[in-house]
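Hi,

Here is the structure I promised to pass on. Have a look at it first, and then read my notes below.

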Amino acid sequence: MPDMLSDVPTANPAAPPVNTYDEVPYESHPFSQTHPSRLFVVGTLFGMRPTPVQRCRVLELGCAAGGNLIPMAEYLPDSEFVGVELSARQAREGQELVRQFGLKNIAIRHANIMDVDESYGLFDYVIVHGVFSWVPTRVQEKIFDICAKQLTPNGVAYVSYNTYPGWHMRGMIRDMMRYHSSRFNTPQLRTQQARALLDFLAQSVRQEGNAYAALLKQELETLRHQADHYLYHEHLEEVNDPLYFYQFAERAKAKGLKYLGEARVGTMVTGNFGPDIEKTLKILATDQIQAEQYMDFLRNRMFRETILCLDRVQPVWAVNPECLRVLHVASAAKPIGPDGQPIPSVNLTSEQENISYKGPSGMTMATTRPLLKAAMKVLADATPGTVPFDLLRKQARELVGGGDPTDPKLIAEDTQVLAVGLLNCYMGSDLIELHGMPITFARQAGPKPVALPLARFQAQRGQTATNRRHEVVRLNDLDKHLLPLLDGTNDRDALVEKLTQVAVSGALNVQKDGLTLYEPKEIRAALKSVIDPALANIARLALLIQ
Ligand SMILES: C[S@@+](CC[C@H](N)C(=O)[O-])C[C@H]1O[C@@H](n2cnc3c(N)ncnc32)[C@H](O)[C@@H]1O
């Protein structure tokens with residue numbers, strides 16, 4: 001941490017650059033919640049019939065270097081993607097990647113959002129992530145205009161933004177960081193100094209029980225885990241204009257758009273606050289927008305990922321469980337015992353035994369219903385992949401037994417029971433994922449394994465890769481060197497040999513009993529013993545095609 005009291009410049013700050021994203025590029029990553037597959041789910045749940053994602057047109061405004069859009073285009077060859085990015089440097093980087101991968105279904109345009117017009121055509125999905133709060137009002141209005149004029153009738157738009165009341169507190173921290181950092185000349189110094197100021201304040205304002213000290217500490221903790229490029233653009237940029245949710249909804253409505261929901265649908269459910277609060281919210285709020293505004297007050301919400309549709313669409317807020325039949329389900333939850341530890345097996349036929357399931361974030365849910373327990377087993381076996389709802393219902397019934405799985409009456413009953421159970425779980429926790437398309441990947445490494453081309457490329461350049469679930473996967477050193485070799489030409493012996501060469505060159509540290517190995521023979525033997533588990537792990541991360 002730099003000393004904030006040394007280094008204070010005497011000169012005036014340099015004039016701001018024309019485009020700060022040219023100077024400090026934003027690391028361009030995938031965001032699974034923006035994927036058309038997830039937007040399809042929100043539309044479907046609320047009574048729309050969005051365009052199937054396997055054949056759709058997608059527009060992303062402020063797409064940076066295409067880290068979100070390019071993996072979508074790679075996975076969905078029959079869909080078409082257009083990205084718009086003001087920073088020449090980031091747009092060029094994205095265009096270069098598109099060219100290198102020979103992708104014909106995506107164009108990243110170096111252009112201003114203000115210049116998007118009808119020549120771009122209509123889109124089934126519009127994505128605007130991390131842009132709205134950071135652009136001037138006229139660009140915000142243009143974003144609404146584009147959504148209103150260029151969405152297809154069943155089109156769905158995702159717009160994320162900073163919101164009040166949460167940003168009042170964060171904005172106070174931002175003001176202090178901006179005041180201090182504006183005295184320094186380079187983005188790097190400004191970022192360092194912003195962190196140093198927060199550190200200084202958190203250490204100095206220390207009294208126990210002091211709300212201000214607690215706030216500073218919490219902000220410091222949050223920012224400690226955030227990358228410099230994020231801190232710079234989120235906190236030190238000139239424009240960052242949060243607004244209340246009701247203001248966002250009103251402005252969208254004035255442009256001919258309607259609030260459809262949130263990317264994280266569970267945050268829309270008043271029942272998640274418990275019966276007493278739900279009762280009061282029902283009295284206070286006469287519509288969904290008011291209910292959500294009051295929930296933002298309760299949560300001190302800072303950020304929203306709002307889904308919009310055209311004004312003429314009539315959302316149906318009471319979700320019809322039948323709609324799950326067009327969706328795909330996933331879950332990484334595991335059954336746990338009373339001590340909270342995973343249990344190896346579950347009695348699927350007992351209607352008395354209440355089984356709890358725990359997801360990766362620690363949330364839990366419990367059920368006595370055999371069909372739901374069986375479905376959780378099918379999903380656990382398929383994780384991190386998806387299972388189409390109808391197949392899930394069929395396989396769950398086969399596990400439970402007790403009837404002919406092809407009997408239409410039983411199918412109708414099972415569909416209802418399972419859909420309601422899964423929906424309750426989806427709305428009340430993060431244990432169940434719903435997708436608008438299947439997520440397919442190789443669950444086991446073949447004789448000559450093949451990893452996703454983009455992930456191979458990313459592994460050569462850094463420590464992260466994008467997987468089939470449209471997530472960022474952090475790679476350990478072995479995976480980083482192994483992934484680029486998985487191009488279908490290397491069997492296990494060849495992989496061990498090539499990795500041995502990498503280790504001998506010093507680029508990969510291979511250890512045994514905590515000691516680094518230098519002898520090629522010893523390195524080879526050590527790698528031979530880990531190659532299968534390493535490949536199994538890469539398959540589990542949804543990075544393999546074959
Ligand atoms: C905070 S970054 C977010 C990038 C990306 N969407 C993400 O979430 O990682 C905002 C992006 O919007 C771009 N941008 C800002 N104003 C723009 C405009 N008027 N036209 C096109 N792009 C713009 C910036 O250059 C930058 O790449």
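Predicted model: local features only at pLDDT ≥ 70, side-chain atom pairs only at ≥ 80, totals over all residues.

Residues are numbered from 1 along each chain as its sequence is written, and side-chain values use heavy atoms, with hydrogens and water left out.

Back to the strands. β1 covers residues 57-61 and runs parallel to β2 (residues 80-85), with five bridges joining them. For the terms: helices (H or I, at least four residues) and strands (E, at least two) are DSSP runs numbered from the N terminus, and two strands pair if DSSP finds at least two bridges between them. Between β1 and β2 the chain passes through helix α3 (residues 69-75), and this β-α-β crossover is right-handed. That word means that, with the strands pointing away from the viewer, the path from the first strand over the helix to the second runs clockwise.

β1 also pairs with β4 (residues 123-128), again in the parallel sense, over three bridges. Here Leu 59 stands opposite Val 126. Why is β1 largely enclosed by the rest of the structure? Four of its five residues are buried (under 20% relative accessible area; exposed is over 50% and partly exposed lies in between, with a 1.4 Å probe and protein chains only).

On from β2, the next partner is β3 (residues 106-110), paired in the parallel sense over five bridges. Phe 81 has Ile 106 as its bridge partner there. The chain gets from β2 to β3 through helix α4 (residues 88-100), in another β-α-β crossover that is right-handed.

Now the ligand. Which residues come nearest to the ligand? Of the 17 around it, they are Gly 62, Glu 85, Asn 112, Ile 113 and His 129 (a residue counts as near if one of its heavy atoms lies within 4 Å). The shell divides into nine nonpolar, six polar and two charged residues. In that count, Ala, Val, Leu, Ile, Met, Phe, Trp, Tyr, Cys and Pro are nonpolar, Asp, Glu, Lys and Arg are charged, and the others, Gly among them, are polar.

Some polar contacts stand out for a first look (pairs of N or O atoms within 3.5 Å; within protein, one must be able to donate a hydrogen and the other to accept it, and residues adjacent in sequence count only if both atoms are side-chain atoms). A ligand nitrogen is 2.8 Å from a polar backbone atom of Gly 62. A nitrogen of the ligand is 2.9 Å from a side-chain N or O atom of Asn 112, and a ligand nitrogen is 2.9 Å from a polar backbone atom of Ile 113. Taken alone the ligand exposes 600 Å², and the protein buries 94% of that (Shrake-Rupley method, 1.4 Å probe; for residues, only the protein chains shown count as cover).

Ser 133 sits in the loop between β4 and α5 (137-150) and is buried, at a relative accessible area of 0%. Its side chain reaches the backbone nitrogen of Asn 162 at 2.8 Å. Tyr 230 belongs to helix α9 (residues 228-236) and is partly exposed, at 22%.

Cheers
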